[in-house]
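Please work through the following exercises with the sequence and the structure open beside you, and try each task before you read its solution.

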Amino acid sequence: MCGRYQFTNISCEEIRWITRAIDSRYGPGAWRPGEIAPSMAAPVLVQGGGGQIRPVLLQWGYPVRERLVINARVETAAQKPLFREGVKRRRCVVPCTGFFEWDAARRRYLFSLPGETVLHMAGLYREDGRYCILTTAANASMEPVHDRMPQVLRDGQWETWLRDADSTARLLTTPPPALEAAEEDGQLRLW
């Protein structure tokens with residue numbers, strides 16, 4: 001996955017709930033909806049006390065030796081020291097309205113779930129208020145553009161990801177759903 005995704009204020013109850021909760025907890029203006037880039041603060045869903053799922057505002061990326069680690073590979077995250085505790089105890093869900101990827105010709109695409117307004121990506125977070133997104137091998141809908149993609153969780157899977165540590169390994173190996181891609185304006189290219 002490239003380093004950009006979208007969280008827009010759309011007419012969707014889940015997005016409105018997340019936005020209201022973040023604004024109530026952190027105050028209006030604590031973050032900016034729209035295109036989310038590494039190092040920016042954005043809403044993520046975590047399991048709070050009593051098992052309640054709640055939105056929190058975290059910063060995207062783990063700083064490691066003068067670089068920012070924004071993604072973790074599902075194939076190795078449970079073994080790597082940087083991600084191991086997150087896989088065991090600090091899983092999060094990164095809600096978005098789509099994510100961006102660029103192909104070899106530098107065309108930018110917005111990927112989303114067909115017929116859905118919200119896409120849920122599996123993530124990990126640290127106690128210092130930072131998160132990263134888990135990536136996996138691209139499925140057939142993503143392969144024409146890139147060889148990796150976020151670990152997208154289907155409806156019902158994202159709550160299990162947050163609440164059930166025993167299901168972690170199974171969810172990390174579950175193929176993501178098919179996505180649809182929309183080519184963005186050529187002026188918005190990465191290079």
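Predicted model: local features only at pLDDT ≥ 70, side-chain atom pairs only at ≥ 80, totals over all residues.

**Exercise 1.** Determine whether Thr-19 is buried or exposed, and find which residues Thr-19 touches beyond four places away in sequence.

Solution. Begin by locating the residue, for Thr-19 is found in helix 1, which covers residues 13–26. Next, take its relative accessible area, which is 13%; because buried means under 20%, Thr-19 counts as buried. Finally, leaving out residues up to four places away in sequence, the contacts of Thr-19 are Phe-7, Asn-9 and Trp-31.

**Exercise 2.** Describe how strand 8 is covered, and state in which sense strand 8 and strand 11 pair.

Solution. First count the residues of strand 8 (residues 91–96), where 6 of 6 are buried. Lastly, turn to strand 11 (residues 119–125), which pairs with strand 8 in the antiparallel sense over 6 bridges, with Cys-96 standing opposite Leu-119.

**Exercise 3.** In the open sheet of 5 strands, explain why one side of strand 2 and of strand 15 is left without a neighbour.

Solution. Write down the order first, which is 2-1-9-10-15 with antiparallel pairing. Strand 2 (34–36) and strand 15 (180–183) stand at the edges and have a single partner strand each, so one side of each has no neighbour in the sheet. Neighbouring strands of this sheet are turned against each other by 30° on average, direction ignored.

Key. Residues numbered from 1 in each chain as written. Heavy atoms only, no water. Buried < 20%, exposed > 50% of the residue type's maximum accessible area, 1.4 Å probe, protein only. Helix = DSSP H or I, 4+ residues; strand = E, 2+ residues; numbered from the N terminus. Pairing = 2+ DSSP bridges. Axes fitted to C-alpha atoms, helices over the stretch in contact; angles between N-to-C directions. Contact = heavy atoms within 4.5 Å.
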